Amino acid sequence: MTLALVLEQLLNGVQFGLMLFLMSAGLTLVFGVMGLINLAHGSLYMIGAFLCAAVAGMTGNFWLGLMAGIAAAAAAGALIEIVVIRRLYTRDHLDQVLATFALILILSEGVRMIFGPFPLYLNVPDVLRGTVRLGIVDYSLYRLALIGFGLAVAVGLWALIAKTRLGIQIRAGESDREMIAALGVNIRALYTIVFALGAALAGLAGALVGAIQSVQVGMGEPVLILAFVVIVIGGIGSIKGAMVGALLVGVIDTMGRFLLPRLFATFMDTSQAMGVGAALASMLIYLLMALVLIFRPKGLFPAHG
Amino acid sequence: MDSTRKEWLLNALLAGALFAVPLWAWMASEPFIITLATRIAILAIAGVGLNIALGLGGMVSFGHALYLGIGGYVAGIAAYHAFSGTTVLGLSGTNQMLPIWAMAMALSGLIAGIVGALSLRTSGIFFIMITLAFAQMGFFFTLSWPAYGGEDGLPIFVRNQFPGLNTARPWELFIIAYGVLLAVLGLFAMLRAARFGAALMAIRQNPDRAAAIGISPFGVKLVAFILSGMITGLAGAMMADLTRFVSPAMMAWTMSGELIVIIILGGVGRLFGPVAGAAILVGFEVFFGGLTEHWKLWLGLVLLAVVLFARGGLIGLIAGRAQNG
């Protein structure tokens, strides 16, 4: 185990964390502003990845695919907000969980009907192929670009929320929805915009990750559950919390999988250590979430004080 | 006819049909239909378990697949050691259903006690998420723990035994599942009518008032959560014996979702809600699964329609609103 290997895994953890942030930001905004649990957020991630892979496959241009993926996810988000989600804002959490669970079934089967049962493959764009020398490690240029993308979107999102009129309306919507509706803001349109924005971020994450994984039905759900872990750790409704939570989950999960088997191997038989280490590593972030909920039941950065 | 009588009539109809259809299938030598009815009965038992927490107590557990999986693995591991003649933690395996059920319920109850004691400190979306997190821990643990099959799962080569019946015959296995279902339904009805059930429902409706009249919300909810986990664990052990296979998929979050779906399709908090829901779900899968490979799309649409427009589920649709929901 060299320092270079540790550093590489650490970068992988940060990259994974930033992709989780893209997923979590939309989820946490939708919960913060509309009070809605959206299980179908992972389906929007899948839609982004599928459209990106399909368009990039047809045109041979990754960037066109990326645009298509984001646009398709945003459009799908706006559509399901208007048709279904809108009716759920006043319902209890149980109804929201079930209705969005139903949406997962519908969207997953819909994508399977359109694109067929086989996974699609998405290639890394040519300019981002290969590795780059970072001090002592050779790191994948594409993964480094994902880190850059993630940070750029985080800054952009912060600017949107902190500096623009839409951002002011979103923040006002989080603290008092009746009041901002009374002030003449079209709250219905605002909700649709927030939902579509979250969907676009999920679609972006799906398209970006699609190039390093296979694009298949069901790819959204594992990420969705991790995104829930992130926003619960960070504090539901808080973008800052989502960022901290995403980086924590990304780094702890990646480093746990890397270090724990090696740690156990120092005092156990190697093959056994691999099993025990892997088992514990995969439970680590859920353990973290349970601990956070036990000691800080509203997460690390509660959105409403 | 008032809605209470309608509901009792519907319950009797459901209980009768769930017995009559496999009885006919037994006489007509249609083992596939008997197995389907057995699956409905076992899923309904799991649903009754969740219905105690969710329906009576209002605790939206999104992690009940954990107990289903624990029960399943108890059955699988006991049978594995009985088959190979080895021991685990000093205990030898067994191929008898009754001790397996007792162990499955004890272990599920223990884990539900730990999960409940920690999770009940939170509420709302946090409760949903923390129960999901604990189930995911179980899922990933079984997935990566190599001793009992890991992600490949663990087959049960010979179905476990029940005194006086031959469990290899579908009809006799159905009788066992049906008998257990009636027993847990009886338990649910007793619980709901008892002071304990009244306290639990009072807490669901208004925890502050319940506390003001001297009911401890935490204690009552925890006991209900443990009972709920034990019954779902029992169903898990039976499910493993029906399919003669356990795998981490029994603990997957989609399974937790399906258990909630069963209760919602049937009717939340209704005595026979889980029976109706399990019958709808299995019937839907078999009927539409035969017509189109995309049957889950239609299931999603039906589920969406039920949530948006028919909130009482099937029993609510036919018998009207619950008396004291």
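Colleague: Is helix H1 of chain A mostly covered or mostly uncovered, and how many of its residues are buried?

Modeller: First, a caution: this is a predicted model. H1(A) is mostly covered, with 23 of its 32 residues buried.

Colleague: Where does H1(A) bend, and by how much?

Modeller: At A:Met23, by about 30°. Look just past the helix as well: A:Gly35 takes a positive phi of about 70° there.

Colleague: Now helix H6 of chain B. Which residues of H6(B) are buried?

Modeller: Start with the general idea. An α-helix has 3.6 residues a turn, so residues three or four places apart point the same way. Now the case here. The buried residues of H6(B) include B:Leu173, B:Ala177, B:Val180, B:Val184 and B:Phe188. B:Phe174, B:Tyr178, B:Leu181 and B:Leu185 are also among them.

Colleague: What do the buried residues of H6(B) pack against?

Modeller: Three helices of chain B: H1 (3–27), H2 (31–56) and H9 (217–243). H6(B) itself spans residues 170–193 and reaches 34 Å, close to the 34 Å expected for its 24 residues.

Colleague: Take a single residue. Why does B:Ala78 count as buried?

Modeller: Count its neighbours. The cut-off is 20 or more other C-beta atoms within 10 Å. B:Ala78 counts as buried because it has 26 C-beta neighbours inside 10 Å. The residue lies in helix H3 of chain B, residues 65–84.

Colleague: Which residues does B:Ala78 touch, leaving out those up to four places away in sequence?

Modeller: B:Gly93, B:Thr94, B:Ile100 and B:Met103. Distance in sequence can also be set against distance in space. B:Ala78 and B:Asn160 are 82 residues apart in sequence, yet 9.3 Å apart C-alpha to C-alpha.

Colleague: How many residues does each chain bring to the contact between A and B?

Modeller: Chain A brings 35 and chain B brings 36. On the chain A side, helices H4 (93–115), H9 (220–234) and H11 (270–295) each supply at least two residues. H4(A) gives the most, with 15 residues. By type, the chain A side divides into 27 nonpolar, 4 polar and 4 charged.

Colleague: What is the mean pLDDT of chain A?

Modeller: It is 89, and 99% of the residues of chain A reach 70 or more. Then go element by element.

How values were computed. Residues are numbered from 1 along each chain as its sequence is written. Chains are lettered from A and ligands numbered from 1 in the order in which they are written. This is a predicted model: local features need pLDDT of at least 70, side-chain atom pairs count only at pLDDT 80 or more; totals for chains, interfaces and linings use all residues. Two residues are in contact if their C-beta atoms, placed from the backbone, lie within 7 Å. Helices (H or I, at least four residues) and strands (E, at least two) are DSSP runs, numbered from the N terminus. Ala, Val, Leu, Ile, Met, Phe, Trp, Tyr, Cys and Pro count as nonpolar, Asp, Glu, Lys and Arg as charged, and the others, Gly among them, as polar. The bend at a residue is the angle between axes fitted to the seven residues ending there and the seven starting there. A residue is buried if 20 or more other C-beta atoms lie within 10 Å of its own, exposed if 12 or fewer, and partly exposed in between; C-beta atoms are placed from the backbone. pLDDT is the predictor's confidence in each residue, from 0 to 100. The expected span of a helix is 1.5 Å times one less than its number of residues.
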